[in-house]
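Please look over the model shown here with its sequence before reading the report.

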Amino acid sequence: MPDVIAKVAVKVTVNGKLHALDVEPRMLLVEMLREPLDLTGTHVGCDTTYCGACTVLMNGAAVKSCTMFAVQADGAEITTVEGLEKDGQLHPIQKAFGDAYGLQCGYCTPGLMLSTLQLLSKNRQPNEKDMRKAIAGNTCRCTGYQNILKAMQFAAQNMKGA
Amino acid sequence: MLSQLGDDAKLLAGGQSLIPLMKLRFANPTHLVDLNFIAGMSYVKENDGALRFGPLTRHAEIENSAIVAKVPIVHDCAAGIADVQVRNRGTIGGSLAEADPSGDWAVVLSTLFTQVRCLGKNGERTVELKDFIQDAYTTALAHDELVNEVVVRIPAKGSGGAYLAFKRAAPVYPTASAAVQLTMEGNVCKEAAIALGCVGLTAIKAKDAEAALRGQPITEKTLAAATEAARAAADPQSDMRGSADYKRTLVGALVRRAIDIAVRRARGEQVEVSHIYA
């Protein structure tokens, strides 16, 4: 193996802004988001594709950013939790998580909100089963999930007119 | 390109098995060739009585495919793999090529007539799934070949199937799983295919369990015989997911439930299946 690995050019749109970076091919997407792009709202929990704290949207689909290489996001549009707020206004999903006490420590919350966003972008009136299925890949160790489900319901209601 | 890079190069499909294995240092490829930027590798088609899957077709695309809804056991599999995020990335071709002993696809597809079209520099060859998966993490693919298409024959009318996995949580591999595809004529089972997952190094075809149903009416007696034969066919290891005894008992119960659903689906009933969580 060569000691120095050539960097690869990546062009990626994150929260609507185009970035051009040179990254090591082994760099994970979550590392690129957190380090060179300084978007530390995307968390690393388990680093083993289990917990979903690193969930972001890639071209609208929820993915675990610890289980993708940064170079694989070349040409893609990524949405992280920092992209939810618009003009100082919380996104309806963020507001719902606050209103429903859908978080305690907050570590899993960015991932849960992005999984909620994927669900609601495809299904505006999810039932409880749809909601449970949508967040089956997001682990929360504080809330017991009841208030998260309530938050998802509030979010669906908040977004009805949107 | 693979022939030039040599034996230690690996193909990267969805990466939902390979990247975790690399992080654990269980896999240490010198080169990764990412297939994700190649156009036309992701599709679900139906022709000549078969479902045809592009190798990079994501589990989520299969889950949401109207064509696949006609073969409920395939939908059960796609919709039950891990969680939304993993299904958005993971692929059918990658899953078969990885041949993880806990993978779902090989279990389900071994109850249907499935062919894997393998492409190498000398052209394409077609391998039946039963010959494709050779051992844990070992397939018939040469190091410079890739899965080009997965072809699954659509079962005849009067056939019904179900796939059930028992998991501790969505993102983990099942503790055990069972796939059952039955062709029924009234209450008599004309043809049976039963496969067990996570209780051996590869998916296990429970041939004695199939024989216990074939040509027989579905009664308490034949159900008990099939379940017992499935338990005997399992070859589980004790691990953090459960003891060997526990898994053997579990897989029998899953087979029994899957037979019940398969029979109802063969009659044309709509039965929604979801995996069972501890």
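The report below describes a predicted model, moving from the elements of one chain to the contact between the chains.

## The sheet of chain A

Chain A holds an open sheet of 5 strands, arranged in the order E2-E1-E5-E3-E4 and with mixed pairing. The edges are formed by strand E2 (17-23) and strand E4 (61-64) of chain A, each of which has a single partner strand, so that one side of each is left without a neighbour in the sheet. On average, and with direction ignored, neighbouring strands of this sheet are turned by 40 degrees against each other.

Strand E1 (residues 8-14) of chain A runs antiparallel to E2(A), and the two are joined by 7 bridges. Within E2(A), the residue that stands opposite A:Val12 is A:His19. Helix H3(A) packs on the sheet, where it touches strand E3 (55-58), E4 and strand E5 (77-79) of chain A, and the direction of H3(A) makes about 35 degrees with that of E3(A).

## Helix H3(A) and its helical contacts

Besides packing on the sheet, H3(A) is in contact with two helices, H5(A) and H2(A). The axes of helix H3 (residues 109-122) and helix H5 (residues 146-158) of chain A come within 11 Å and cross at roughly 45 degrees, and H3(A) and H5(A) are therefore oblique to each other. Their crossing is right-handed. On the side of H3(A), the contact is made by A:Leu112, A:Thr116 and A:Leu120, while H5(A) contributes A:Ile148, A:Met152, A:Ala155 and A:Ala156; by class, these residues divide into 6 nonpolar, 1 polar and no charged.

The axes of helix H2 (residues 92-99) of chain A and H3(A) come within 10 Å and cross at roughly 125 degrees, which makes H2(A) oblique to H3(A). Here, too, the crossing is right-handed. The contact brings A:Ile93, A:Gln94 and A:Phe97 of H2(A) together with A:Thr109, A:Met113, A:Thr116 and A:Leu117 of H3(A), and its residues comprise 4 nonpolar, 3 polar and no charged.

## The contact between chains A and B

The contact between the chains takes 17 residues from chain B and 19 residues from chain A. Helix H2 (18-23) and helix H5 (84-89) of chain B each supply at least two residues of the side of chain B that touches chain A, and H5(B) gives the most to that side, with 5 residues. By class, the side of chain B that touches chain A is made up of 7 nonpolar, 6 polar and 4 charged residues.

Conventions
Residues are numbered from 1 along each chain as its sequence is written. Chains are lettered from A and ligands numbered from 1 in the order in which they are written. This is a predicted model: local features need pLDDT of at least 70, side-chain atom pairs count only at pLDDT 80 or more; totals for chains, interfaces and linings use all residues. Axes are lines fitted to C-alpha atoms, for helices over the stretch in contact, and angles run from 0 to 180 degrees between N-to-C directions. Helices (H or I, at least four residues) and strands (E, at least two) are DSSP runs, numbered from the N terminus. Angles under 35 degrees count as roughly parallel, over 145 as roughly antiparallel, 65 to 115 as roughly perpendicular and the rest as oblique. A crossing is left-handed if the near helix is turned anticlockwise from the far one by less than a right angle, and right-handed if clockwise. Two residues are in contact if their C-beta atoms, placed from the backbone, lie within 7 Å. Ala, Val, Leu, Ile, Met, Phe, Trp, Tyr, Cys and Pro count as nonpolar, Asp, Glu, Lys and Arg as charged, and the others, Gly among them, as polar. Two strands pair if DSSP finds at least two bridges between them.
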